[in-house]
Structure formats: structure tokens, C-alpha cells
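Have a look at it first, and then we'll take it piece by piece.

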Amino acid sequence: MSHAFIDELGVILGDKGLRTGQDIPLAHYTDWSGHTPTQPLALLLPASTEEVSQVLRVCNAHRVPVTPQGGLTGMAGGAIPAADTVALSLARMSAIESVDASSATLQVQAGATLQSIQQAAREVGMLFGVDLGARGSCQIGGNISTNAGGMEVLQYGMMREQVLGLEVVLADGTVLPMLRPMLKNNTGYDLKQWFIGSEGTLGIVTRALLRLRPAPRSRATALLGLPRYEAALAVLGRLQQYFPGALTSFELMWDDFYETSLQWMQARSAMADKHPFYALIAVIGNDAAALAEQLQDALGLAMDAGDLSNAVVAQSEAQSAALWRVREAPAEFPTRMDPINFDVSLPLPKIGEVAQACADEMRRRWPGLPQPVMLRFGHIGDGNLHISVDARHIPAASRAQAEHMVDELVYTRVSEAGGSISAEHGIGSIKQPYLPASRTPAELTAMRALKQALDPHGLLNPGKILAQR
């Protein structure tokens, strides 16, 4: 790394915006994936879009690769730098610039946390349609770059459905100002869509114009005990019919996940009896009393049909929050285990079968593994299954070898079932070797052509999504 390069960056960013050597915080060496930390050449902390543009021009001129970083809560290694890259964080660009309830829009800089956006929406009686456990740490730029999903996709869709416009800086410093607030804007290629889910490999998102929704007047939460996976699908279908457009969440937890979460929290279950499956659900409406009565009716019918074994309906916001804390245990994974995380999507009828096949195969290969061998949960309404395995328990010469063996086991079964290797966490570097299992050669060729057109020198987040050539 030349002194001239660092000096040019220093002129642009000043003392607050440039860190080198031991001044780079260890947090910027890796992300929640737990993969090997790597010190970048420098940490860049621009305070404006113009500074982002200027530093990318300098990096482009010196052919220095750039690893964009958000809140570092990703599970696919998308924000881990290489030793020859600079890390670029938008943490200093966190302003919520405007909130307009009349047009149901919010404009924000990319470094703002998801939680701050949710709060800003609530203050004007609105709601932002994406929610996930890392809300207090993850940044909206990272959410956009991975097309985040979370726990309310059933009602509001993925991050892609929340984005009306973007401001993006390309590898050569060119700024694309695509912050037009119209729902209808049929003027050729929708360029912003190229950058949603691209994990910073095509450009760096610096601003977003987001779509808000009216906040519901009432919400009912319930924990369900279910006898089998097929019963969960039956209850899901019944609730969708009973509450058309108003079932916001259907979070399925296998007993291994549920019991482990309670143990970590040192909490008691809301149910006296145990079940193979638990579902945490939420429905919304305009009248709290009517909504509660409707929910009780729907759950009663499910019990009569033999699809529901037990149900606890939250009687207060505090009880609802306690139920949701059980589901948000994945925030504890990096501190409680050495997690090998899977975020896959599958046809709904296949999810239970694949989840069971993975657990059975692990027990067959490594019969001495402690129980549970894996933690299973997911946003089942949208076909999203999460699996986490503790690498410390896999007999292997190294952590990398353990991960490879478990990856092969899970992704083989996902591929055979016609699923996708990534539902909402992206590809990053960890899933890159398995991308051909979910993309055809023609699709990969088109993706490489787009990358070549927008980043001809391969400087933006190299080694992520597509293998370097």
C-alpha cells in the first residue's frame, strides 16, 4: 500500500474518516459468520456521498479493491475484507433525512440502523415492512445489498418491495441519483433493482427512498404447539384464509431450537406440555377485541381438526415481547456456539422432509454428536428454512473442513428437493462454491457480464457472489 494512496484518502476523509494499522477496530475484520478475521489495508469512514465518490475514484485509480461494510451482522461472509482490500463503512452516514406520512415515504442514508428507521416510521403513525432480530445493529444499506427478508415477509415482502429509489456510487466514483418517489415510473431499465441483493459487488448504496405502510391499530400474537410439520402447513393455510392479508408472521420452530432458546434465556416455556413444533404467529386488524375473538375461533377450528395441540395467546405487549424473545435466539449464536449457518428456501411441502433428512444424516455420519445435532427454525410461510450446527462438535481436522462436510450434506439435500441455497442472507464468500446448485450456467454468464460492465476492474467486494477470474 503506497503512501501516496493513503495520503490521497487522508485529504478526502480527514482524521475522523481514515483508520490504518492498529487503529482499525477488530470488529471490521470479520462479520457474524464467524469466519477468519482479516485486517484490511485501511478502514474508510466517509461522511457524505461526495466523499464516497471521491474515495472510490482514488481506489479505482490505484486499483485497490474495496469491501463495503454495513452493520457486520451478515452470516454469509459478505463483509469480510481481504488483506489487500480497504474496508468502507457508512456508519457516519446514518441520517434519516425525511419522513412523509402523506406520501408514505422515508429517505435515509445507508448507514442508518433498521431500528432507527422503524422508530422514525412509528413516530408518524406508519410502519416499515422489514423486521429482523439484528434490527439494532444491521444497517439499511446492508439490508438492501442482501435483499433482507425477516419475520414479516408474509405481509410486506422482501426488502426489494420496500425500496422506491436508491442513490448508488459505482466503482469509478460515478453517482447514480435514482431517488424518485413514484410507485409508477416506467422509463426503461429499473436500474435500482440491479443493486438490491448484489452485496456491494456492483455499486455502493449511499441513500435509499423507502416505502412505508399504515401502522395497524391492533396486533395479536400467539404461540402454537403443533404435532407434526404437515399440521403446521394446515394451520398456516387456515390462518391465511381466516385473516386474508392480515397474517404478518408464521415463525416455525423445531423443538430443538425452542428448547435451546429457553435454556439460553433461562426462561420457562409458555406451555406446560412439550411439542415437536412451535409456531409464533402475529395477525393485525383494526379492533383489538374483534381480532382476539377471530383468532380464538380460528385456533379452535384448528384444534378440532387435530392440527393444533395447544395455543397461548399473548394477553399483553409484555407477554408478546417475551414470546418473540424466544424466536430471536439467533442473535446469541455467535456467542453460544461456533455456528455453521444455513439459510435456504424450499417448496413448502419439502421443508419438513429436508430438515429431518439433514438431522438424520448428521446422526448417521457422526453418531456421537451431542443432542440436539442442529437447531432448525424458519419463516415457513415464505419457504425459508434456517439450520444452525455447532462446528465445535463436528469431528474434523479443522473448522474449514467441518464446515465443508456439513455444507455438502445440507446443500445436496436442498438441491435434490429443488430448493435454493440462499433465501435472504445472500451468497457472500461462504456460499459461493455452491451457487451453481441454484443458478444455471447461462444465468451465471449474464451475472458476470453485468459485473464486468459496472465494475470492469473487479474492485467492488471481490470474491463475493461470483468467483474471481
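Start with an open sheet of 4 strands, in the order β1-β2-β4-β3 and with mixed pairing. Strands here are DSSP runs of E with at least two residues, helices are H or I runs of at least four, and both are numbered from the N terminus; two strands pair if DSSP finds at least two bridges between them. β1 (18-20) and β3 (66-69) sit at the edges with a single partner strand each, so one side of each has no neighbour in the sheet. From one strand to the next, the twist averages 20°. β1 pairs with β2 (residues 42-44) in the antiparallel sense, over 3 bridges, and L18 stands opposite L44 in β2.

Two helices pack on this sheet. Helix α1 (residues 3-13) touches β1, β2 and β4 (86-89), and its direction makes about 145° with that of β1. Helix α2 (residues 49-62) touches β2, β3 and β4, and its direction makes about 165° with that of β4. Touching, or contact, means heavy atoms within 4.5 Å; axes are lines fitted to C-alpha atoms, for helices over the stretch in contact, with angles from 0 to 180 degrees between N-to-C directions.

## How to read the model

This is a predicted model, in which local features need pLDDT of at least 70 and side-chain atom pairs count only at pLDDT 80 or more, while totals for chains, interfaces and linings use all residues. Residues are numbered from 1 along each chain as its sequence is written, and side-chain values use heavy atoms, leaving out hydrogens and water.

## Charged pairs

How many salt bridges does the structure hold? There are 20 of them, a salt bridge being a side-chain nitrogen of Lys or Arg within 4 Å of a carboxyl oxygen of Asp or Glu. One joins R207 and E167, at 2.9 Å from N to O. That pair links distant parts of the chain, with R207 in strand β10 (residues 204-211) and E167 in strand β8 (residues 163-169), 40 residues apart. R207 has 18% relative accessibility, so it counts as buried, and E167 is buried too, at 10%. (Buried means under 20% relative accessible area, exposed over 50%, and partly exposed in between, with a 1.4 Å probe and protein chains only.)

D256 and R376 also meet in a salt bridge, at 2.7 Å from N to O. D256 lies in helix α8 (residues 255-265) and R376 in strand β17 (residues 375-379), 120 residues apart. Are these two buried or exposed? Both D256 and R376 are buried.

## Where α12 and α13 cross

The axes of helix α12 (residues 348-365) and helix α13 (residues 399-416) come within 10 Å and cross at roughly 145°. The crossing is right-handed, meaning that the near helix is turned clockwise from the far one by less than a right angle (left-handed if anticlockwise).

Which residues meet here? From α12 come V354, A357, C358, E361, M362 and R365, and from α13 come M405, L409, V410, R413 and V414. By class, the contact has 8 nonpolar, no polar and 3 charged residues. Ala, Val, Leu, Ile, Met, Phe, Trp, Tyr, Cys and Pro count as nonpolar, Asp, Glu, Lys and Arg as charged, and the others, Gly among them, as polar.
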